Amino acid sequence: MDDSKVVGGKVKKPGKRGRKPAKIDLKAKLERSRQSARECRARKKLRYQYLEELVSSRERAICALREELEMYKQWCMAMDQGKIPSEIKALLTGEEQGKAQQNSTKLAKAGKTEANSSNP
């Protein structure tokens, strides 16, 4: 007997289920596959370039931070020996000048407000 089954009065032949693939031109399918592969390689190349740029920028930041840390270490060693580095003096005098400028600006603004409030 053959492998045919009778279901609901109809004869079904065994075989693959689902949609049958449409007959596609093999050359067109191959070209689409090649194009897709080219695009994939291009995306991969861009991704690697982006990651390399990211790594190099992070490495530069790390080097800058190491240099800054070394500078602070040298300042601390100098202060431990009782010397005050000129950079710290400059920072301190710069801060004092900044505070003095802020105070003078505040006083000038306060004087203007008082003058405006006394005039009717």
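Author: Accessible areas are computed with the Shrake-Rupley method and a 1.4 Å probe, and for residues only the protein chains shown count as cover. In this structure, the accessible surface of the protein comes to about 12100 Å², of which 57% belongs to carbon and sulfur atoms. The model is a predicted one, in which local features need pLDDT of at least 70 and side-chain atom pairs count only at pLDDT 80 or more, while totals for chains, interfaces and linings use all residues. Residues are numbered from 1 along each chain as its sequence is written, and side-chain values use heavy atoms, with hydrogens and water left out.

Reader: What is the mean pLDDT of the protein, and where is confidence lowest and highest?

Author: The term pLDDT stands for the predictor's confidence in each residue, on a scale from 0 to 100. Its mean for the protein is 81, and 67% of the residues reach 70 or more. Confidence is lowest in strand β1 (residues 5-7), with a mean of 60, and highest in α1, at 96.

Reader: In which order do the elements run from the N terminus on?

Author: Helices (H or I, at least four residues) and strands (E, at least two) are DSSP runs, numbered from the N terminus. Here there are two helices and two strands, and their order is β-β-α-α.

Reader: How many salt bridges are there by this rule, and which side chains meet?

Author: Side chains of opposite charge can pair when their charged atoms come close. The rule asks for a side-chain nitrogen of Lys or Arg within 4 Å of a carboxyl oxygen of Asp or Glu, and by it the count is one salt bridge. The partners are R38 and E31, at 3.1 Å from N to O.

Reader: Are R38 and E31 buried, exposed or partly exposed?

Author: Buried means under 20% relative accessible area, exposed over 50%, and partly exposed in between (1.4 Å probe, protein chains only). R38 counts as partly exposed because its relative accessibility is 38%, and E31, at 39%, is also partly exposed. Buried residues make up 3% of the 120 residues in the protein.

Reader: Which residues form an aromatic pair, and how do their planes lie?

Author: A pair of aromatic rings is described by the distance of the centres and the angle of the planes. Rings of Phe, Tyr and Trp (its six-membered ring) pair if their centres lie within 6.5 Å, and planes under 30 degrees apart count as stacked, over 60 as edge-to-face and the rest as tilted. The count here is one aromatic pair: Y72 and W75 are edge-to-face, with 5.5 Å centre to centre and 70° between the planes. Both lie in helix α1 (residues 26-80), three residues apart, about one turn of the helix. W75 is buried, at 13%, whereas Y72 is partly exposed, at 36%.
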